[in-house]
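Please walk through this two-chain model with me, from its confidence scores to its interface. Keep the viewer open as you read.

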Amino acid sequence: MAAEPAIPAALPLGDGAASPGLPELATVAWRPRATAVRLERRGRLWTLTTVAHVVPFVLVAIAMLALSPLAAPVALVALAHAWIIPELYAQRGANVTRPRRRAADGPERVALGLLGDLIDHDARETHARTGLVPEPGRLGSWLVGEAGALLVTRRRVYCWCVKATGHDLPSGDRVAHLLLALRTDEEGFATVANLAFSGARWRLRRRLPARQRAALDACREE
Amino acid sequence: MSRLIRMDHTGHTTLAEWAAGDAASVEAAVAAFREELERGSIAMVSRGAGHAEHVRELPLDEELVIMRRPIAGG
């Protein structure tokens, strides 16, 4: 069997202007192109929305206790709501990196070989340990999974839900699809993908499986 | 020898192989490339160093051309 052609390992994503845009942008023509400024704004809006969900429940709890100590159970229910809503959002973010159903061993091996040719040794090791491929970008550090990606910036993490169409691909191919799209047009990738969560890294971290936390921590150290 | 591959349920399938000096293999590869585009695939070439490029014509001088499916927000 002929040897697979070697593909150079990854280095930081280059200037997106030099590459043609992602073809899938045509399917979301109504969306403004994601930029660092727009992402920051979306992140702040996300935080504001979370606060708007939490504060009323906390106020209700305080008001109920002020009215009567007998209303303590109702106050506790309100506080539980205030706690669980942000947690549910964070869980939604963590779900984008959840592994999907695996294909048969043969296709998985072949797909993993192709993915391995696209990334360097360190990224291969991280993928083997966590299921996520680290990819440096201009918007931040990316962690690419099978059906989504995390964009880690200095202040927050953005969880993007995005996947290759069709359900029959091996896991390595699913990651390779997203990685190639990301490398083609980073901002276009963030435009096509759906934002599932944005918030502080610690909020997402405790919702991630233990093996994926190391990948997030490695981004923190950069 | 250059290769045109498609990522699919098998991992990947080699659709065509060609050598720049072999007109017949080039013609077959171009036909396979166009057929795959008509099926809705997107052609990519890895440029190394974290770069990939979307190509609309078969780049005959590339070692590997990868056909992928479109991505969409989940």
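This is a predicted model: local features need pLDDT of at least 70, side-chain atom pairs count only at pLDDT 80 or more; totals for chains, interfaces and linings use all residues.

Residues are numbered from 1 along each chain as its sequence is written, while chains are lettered from A and ligands numbered from 1 in the order in which they are written.

Start with confidence. The model scores ipTM 0.94 and pTM 0.88. pLDDT is the predictor's confidence in each residue, from 0 to 100. Chain B averages 93, and 99% of its residues score at least 70. Chain A has a mean of 89, with 90% of its residues at 70 or more. Where does chain A stay under 50? Residues 1-19 do so, and the model has 40 contacts for them beyond four places in sequence. A contact here means that two C-beta atoms, placed from the backbone, lie within 7 Å.

Now chain A as a whole. It holds 8 helices and 5 strands. These are DSSP runs numbered from the N terminus: helices are H or I with at least four residues, strands are E with at least two. Read from the N terminus, the order is α-α-α-α-β-β-β-β-α-α-β-α-α. Of the 222 residues of chain A, 43% count as buried. Buried means 20 or more other C-beta atoms within 10 Å of the residue's own; 12 or fewer means exposed, and anything in between is partly exposed, with C-beta atoms placed from the backbone. Of the contacts in chain A between residues at least 6 apart in sequence, 73% join residues at least 24 apart.

Look inside next. The largest nonpolar core has 70 residues. Such a core is a set of buried Ala, Val, Leu, Ile, Met, Phe, Trp, Tyr and Cys residues joined through C-beta atoms within 7 Å. A:Leu143, A:Val144, A:Ala149, A:Leu151 and A:Trp160 have the most contacts inside this core. Helix 5 (residues 171-184) of chain A gives the most to the core, with 7 residues. Take A:Val144 in detail: beyond four places in sequence, its contacts include A:Leu132, A:Ala149, A:Val175 and A:Leu178.

Buried residues of helix 2 of chain A include A:Ala75, A:Ala78 and A:Tyr89. They pack against helix 1 (36-67), strand 4, strand 5 (194-199) and helix 7 (201-205) of chain A. Helix 3 (residues 105-118) of chain A buries residues including A:Pro107, A:Val110 and A:Leu118. What covers the buried residues of helix 3 of chain A? The cover includes helix 5 of chain A, along with strand 2 and strand 3 of chain B.

Strand 3 (residues 42-48) of chain B is mostly covered, with 5 of its 7 residues buried. Strands pair if DSSP finds at least two bridges between them. Strand 3 of chain B pairs antiparallel with strand 4 (residues 51-55) over 5 bridges; B:Gly48 is partnered there by B:His51. Strand 3 of chain B also runs antiparallel to strand 5 (residues 64-68), joined by 3 bridges. Here B:Met44 has B:Ile66 as its bridge partner.

Helix 1 (residues 23-38) of chain B contains B:Ser25. B:Ser25 counts as partly exposed because it has 16 C-beta neighbours inside 10 Å. Beyond four places in sequence, B:Ser25 contacts B:Glu17, B:Trp18 and B:Ala19.

Finish at the interface. It takes 44 residues from chain A and 26 from chain B. Strands 1 (2-8), 2 (11-18), 3, 4, 5 and 6 (71-73) of chain B each supply at least two residues to the side that touches chain A. Strand pairing also crosses the boundary: strand 4 (residues 157-164) of chain A and strand 6 of chain B run antiparallel, joined by 3 bridges. In that pairing, A:Ala164 stands opposite B:Ile71.
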